[in-house]
Amino acid sequence: MRVILFFILFLSTLFSSEIKLTDKQANYIAKKVWQNEGAGLDKYLVHWNDGEDFASVGIGHFIWFSKGHTERFREVFPMVVAFMEKKGVKMPSWLNSKTSLPWNSKAEFYAAKKAHSKKHTELFAFLKATMPEQAEFMAQRLSQALPQMLETIDDPKKQALIKKRFYEVMHNKDGSVNERGLYVLLDYTNFKGEGTLKSERYKGQGWGLLQVLEHMDPKEPNKLKAFAMSAKAMLSRRIKNSPPARGEERWRKGWNVRLTTYWK
C-alpha cells in the first residue's frame, strides 16, 4: 500500500506542472481533434450547430457566446484567446479574451459567412493558422483538469481512484507517456469538459472527464478501451436525461464514432 501511495504521490507531483507538447505532438493532436470535430473540413472551422444558441469555433469547436448570452455549458473560446494573448500570438485587431461573439443569432452568423464579412474572414484565417496553438491550449486545460476534479471530491479513496485511472490512461505501464492516451484525455476534456460544473448536468448527473474516469470498468485490461466504453455509457445517460426539445439522440452515432478512435 505504501508503494502504491508513493507512486501516486510521485505521479501527482510529476503532473502538477503544465503539459508541454512537442511540435509533433501538437500537430498530431490538432489533426486528430479537428478530424473529430469538423471532419477536417474548412467549412466547419467557424460553425453554428443546429439546436444550439452559440457558435462553435476552432479545431475543438470551442463554445463562444454572443454578448449577454448565458448557457449551462462552459464558454471556452475566450479561454483559448487568453492563452494566445499570453503567448503573444498575432490575432485580428478586434479580437481579445473579452470579445463576445460578433453575431447575435445563427441567422446573423450565416449572413456574415455568406457575405465574407471582414470579421468572419479574419476569424477563419486566425483559426486556420493557429491549429497547433489551439492543441497547446487543450494541453494546458488538461494540466488543470486533475487538480480541478480532485477539489470537488471529499472522499480520499475516490480521489486516489480518479488519480490512478487518470494516470493509467495517460501513461504506459513503464511510466512513459502514451501518446494515444494523451490524445484521449485532451480530446475528451475539450469535447465534454472536466465534469466539475454543476450546470453541466442533466437530472444531477454529469458526463465529463470525472464521470468517465469514475465509471471505468476495472476488469478491462485495455485502459483506453475501458475509458471509451465508460464515455459511451456516460453520453448515453446524458442523452436519456436530456430535455427532449434538444433532440440529443441525433448526436449519438457521431459521438460513438469519435469514442471508437480512442482505442481502435
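Select Lys 106 and Asp 50: the two form a salt bridge, and their closest N and O atoms are 2.4 Å apart. Lys 106 sits in helix H4 (residues 106–114), while Asp 50 is in the loop between strand S1 (46–47) and strand S2 (55–57). The pair links distant parts of the chain, 56 residues apart. The structure is a predicted model, so what you see here is computed.

Asp 50 is exposed, at 54%, because exposed means over 50%.

Next, select Arg 258 and Glu 37. Their side chains meet in a salt bridge, with 3.0 Å from N to O. Arg 258 belongs to helix H11 (residues 252–260) and Glu 37 to helix H2 (residues 23–38), so this pair ties together parts that are 221 residues apart in sequence. Both Arg 258 and Glu 37 are buried.

Now select Arg 238 and Glu 248. This is again a salt bridge, and the closest N and O atoms are 2.7 Å apart. Arg 238 lies in helix H10 (residues 223–241) and Glu 248 in the loop between H10 and H11, so the pair ties together parts that are ten residues apart in sequence. Arg 238 has a relative accessible area of 4% and is buried. Glu 248 is buried too, at 1%.

Salt bridges with shared partners join Glu 37, Asp 187 and Arg 258 into one network. In total, the structure holds 13 salt bridges. Side chains of opposite charge can pair when their charged atoms come close.

**Stop four: a threonine in helix H8**

Last, select Thr 189, which is in helix H8 (residues 179–192). Thr 189 counts as buried because its relative accessibility is 1%.

What lies 2.7 Å from a polar atom of the side chain of Thr 189? The backbone oxygen of Leu 185 does.

Which residues is Thr 189 in contact with, leaving aside its neighbours within four places in sequence? To see them, select Arg 141, Leu 142, Ala 145, Glu 194 and Leu 209.

Definitions and conventions:
Residues numbered from 1 in each chain as written. Predicted model: local features only at pLDDT ≥ 70, side-chain atom pairs only at ≥ 80, totals over all residues. Heavy atoms only, no water. Helix = DSSP H or I, 4+ residues; strand = E, 2+ residues; numbered from the N terminus. Buried < 20%, exposed > 50% of the residue type's maximum accessible area, 1.4 Å probe, protein only. Polar contact = N/O pair within 3.5 Å; in protein donor to acceptor, adjacent residues only side chain to side chain. Contact = heavy atoms within 4.5 Å. Salt bridge = Lys/Arg side-chain N within 4 Å of Asp/Glu carboxyl O.
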